[in-house]
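Biologist: Could you walk me through this model? I'd like the overall layout, then some side-chain detail.

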Amino acid sequence: MKLSRKNPANRNITRMEHEKVRGYWVRVVKDGKLHQKLFSDGQYGGKRKAITAARAYRDELRRRLFGEHADAGRRICTSFKSNSSGVVGVHYVEKQRGNSVSQAYVASWCPTKGGPQRHKYFSVKKLGKREAFRQAVDFRQARVEEILKESTPRRPQ
């Protein structure tokens, strides 16, 4: 049984076929920590039972780790070690244009998976440093919430 990467039912699951090990490997990363478990064909009585158990474990693990966003089809980065502003998706820029320097905080987001990244600039000259930063953070958070709403599958009521 070959796993299709495009099928969302197979997210975080890899098929392993080595000399002594055959099964499905569930791997989920949260905050840099890897959570993993192997579901071997022999232990679960065949490939179909192993993949069923792996998917059930993966779903429960994602619910435990990600809460209400466990079913989101998109990954939203919430921390990054080299971030200088302290908020992912918001950074400070200074651009030299002729004799003047423009300063701004920039909110970045990607509205469609695999699509182009978008940016919105908040001028420090017009708003002041604190207010430009605050507006950039608020704008970025609103875009993230929109993305999560769109990518979370709706459940029948």
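Biologist: What should I know about the model before we start?

Modeller: It's a predicted model, so I count local features only at pLDDT of at least 70 and side-chain atom pairs only at pLDDT 80 or more, while totals for chains, interfaces and linings use all residues. Numbering runs from 1 along each chain as its sequence is written, and side-chain values use heavy atoms, with hydrogens and water left out.

Biologist: How many helices and strands are there?

Modeller: Four helices and six strands. Both kinds are DSSP runs numbered from the N terminus: helices are H or I with at least four residues, strands are E with at least two. Along the sequence the order is β-β-β-α-α-β-β-β-α-α.

Biologist: What share of the residues is buried?

Modeller: 28% of the 157 residues. Buried is under 20% relative accessible area, exposed is over 50%, and partly exposed is in between, using a 1.4 Å probe and protein chains only. The exposed surface comes to about 11,500 Å², with 49% of it supplied by carbon and sulfur atoms. Those areas are from the Shrake-Rupley method with a 1.4 Å probe, and for residues only the protein chains shown count as cover.

Biologist: Which residues make up the largest nonpolar core?

Modeller: Eleven of them: Ile13, Tyr24, Val26, Val28, Phe39, Ala50, Ile51, Ala53, Ala54, Leu61 and Leu65. A core here is a set of buried Ala, Val, Leu, Ile, Met, Phe, Trp, Tyr and Cys residues joined through side-chain atoms within 4.5 Å. Strand E2 (22-30) and helix H2 (47-66) are the elements giving two or more residues to this core, and H2 has the largest share, six residues. There's also a second, separate core of seven residues, among them Val90, Tyr105, Ala107 and Ala132.

Biologist: Which H2 residues are buried, and why do they line one face?

Modeller: Ala50, Ile51, Ala53, Ala54, Arg58, Leu61, Arg62 and Leu65 are the buried ones. Down the helix axis they fall within an arc of 165°, so they line one face of H2. That arc is taken over the directions from the helix axis to the C-beta atoms. The cover over those residues includes E1, E2, strand E3 (33-40) and H1. On the face turned away from the buried side, H2 carries the exposed residues Arg48, Lys49, Thr52 and Arg64.

Biologist: Switching to charges: how many salt bridges turn up?

Modeller: Nine in the whole structure. The criterion is a side-chain nitrogen of Lys or Arg within 4 Å of a carboxyl oxygen of Asp or Glu. One network links Arg15, Glu17, Arg22, Asp41 and Lys47.

Biologist: What does arginine 15 pair with?

Modeller: Arginine 15 bridges to glutamate 17, with the closest N and O atoms 2.9 Å apart, and to aspartate 41, at 2.6 Å. Arginine 15 is in strand E1 and aspartate 41 in helix H1 (residues 41-44), so this pair ties together parts 26 residues apart in sequence. Both arginine 15 and aspartate 41 are buried, while glutamate 17 is partly exposed at 46% relative accessible area.

Biologist: And where do arginine 134 and aspartate 138 lie?

Modeller: Both are in helix H4 (residues 129-151), four residues apart, or about one turn. Arginine 134 is partly exposed at 40%, and aspartate 138 is partly exposed at 40%.

Biologist: Last one. Is serine 108 buried or exposed?

Modeller: Buried, with a relative accessible area of 5%. Serine 108 sits in strand E5 (residues 100-109). Not counting residues up to four places away in sequence, serine 108 touches Gly89, His91, Gln117, Arg118, His119 and Arg140.

Technical notes:
Contact = heavy atoms within 4.5 Å.
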